[in-house]
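Open the model in your viewer and keep the sequence panel beside it. The tour starts with the whole chain and then moves to selected side chains.

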Amino acid sequence: MRVEFSWEPEAADRRDALRAVAPAVRWAPAFAVCLVVVAAVLLLADNTSAAVLSLVAAAAVAIGVPWQASLLYRDTLSANQRVRATADEFALRMHGMGLPDELAWSCMQSWQETEHGIVLRIGARAHGPVYAVPHRAFALPADEHMFRELLIRRVGPTG
């Protein structure tokens, strides 16, 4: 069984992958908004220094959490770079500038499916590379189904 697919990475693919592997990224904006509300209440209570501290914390959460996640979970896919990939029983091969030529299935830590695609975690480290393969990469639904079957058989169930 061999599956071929290709795509041009987009910023939305990276955001989707980060949300999948670092759930704090998903909740950071809501938490930052809560901190802003707390700051407003503190201002109404005439506690200016605590309100300023709450606003600083809101900015740190809104900016810091996504930034740290993007540093920890790096990928080498740049936008507007066509990625061609093939997968078979032995390995996943991705062709594009700066990409590893071949990834043995044993190198894959885990994978999971999101609303927008399939997220692959590579390497034994907790914060290894992450690759997002969007649903649009597959020409036919059957190709995506075969890729999913390969992942289940060679890497394990989603998770």
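**Whole chain**

Begin with the surface: the protein chain exposes about 9,000 Å², of which carbon and sulfur atoms supply 63%. Accessible areas come from the Shrake-Rupley method with a 1.4 Å probe, and for residues only the protein chains shown count as cover. The model is predicted: local features need pLDDT of at least 70 and side-chain atom pairs count only at pLDDT 80 or more, while totals for chains, interfaces and linings use all residues. Residues are numbered from 1 along each chain as its sequence is written, and side-chain values use heavy atoms, with hydrogens and water left out.

Switch to cartoon. The protein chain has 4 helices and 7 strands, in the order β-α-α-α-β-β-β-β-β-β-α from the N terminus. These are DSSP runs numbered from the N terminus (helices: H or I, at least four residues; strands: E, at least two). The radius of gyration is 20 Å, well over the 15 Å that the globule rule gives for 159 residues, so the chain is more spread out than a compact globule. That radius is taken over C-alpha atoms, and the rule is 2.2 Å times the number of residues to the power 0.38. Along the principal axes, the C-alpha atoms fill a box of roughly 70 × 30 × 25 Å.

Colour by accessibility next. Buried residues make up 38% of the 159 (buried: under 20% relative accessible area; exposed: over 50%; partly exposed: in between; 1.4 Å probe, protein chains only).

**Aromatic rings**

A search of the whole structure finds 4 aromatic pairs. Rings of Phe, Tyr and Trp (its six-membered ring) pair if their centres lie within 6.5 Å; planes under 30 degrees apart count as stacked, over 60 as edge-to-face and the rest as tilted.

Select Phe5 and Trp7. Their ring centres are 6.0 Å apart and their planes at 10°, so this pair is stacked. Phe5 is buried at 5% relative accessible area, and Trp7 is buried at 1%.

With Phe5 and Trp7 they form one aromatic cluster.

**Ala104**

Finally, select Ala104 in strand 4 (residues 102-104). Is Ala104 buried or partly exposed? Ala104 is partly exposed, at 26% relative accessible area. Leaving aside neighbours within four places in sequence, Ala104 is in contact with Phe90 and Ala91 (contact: heavy atoms within 4.5 Å). To Glu89, 15 residues apart in sequence, the C-alpha to C-alpha distance from Ala104 is 9.4 Å.
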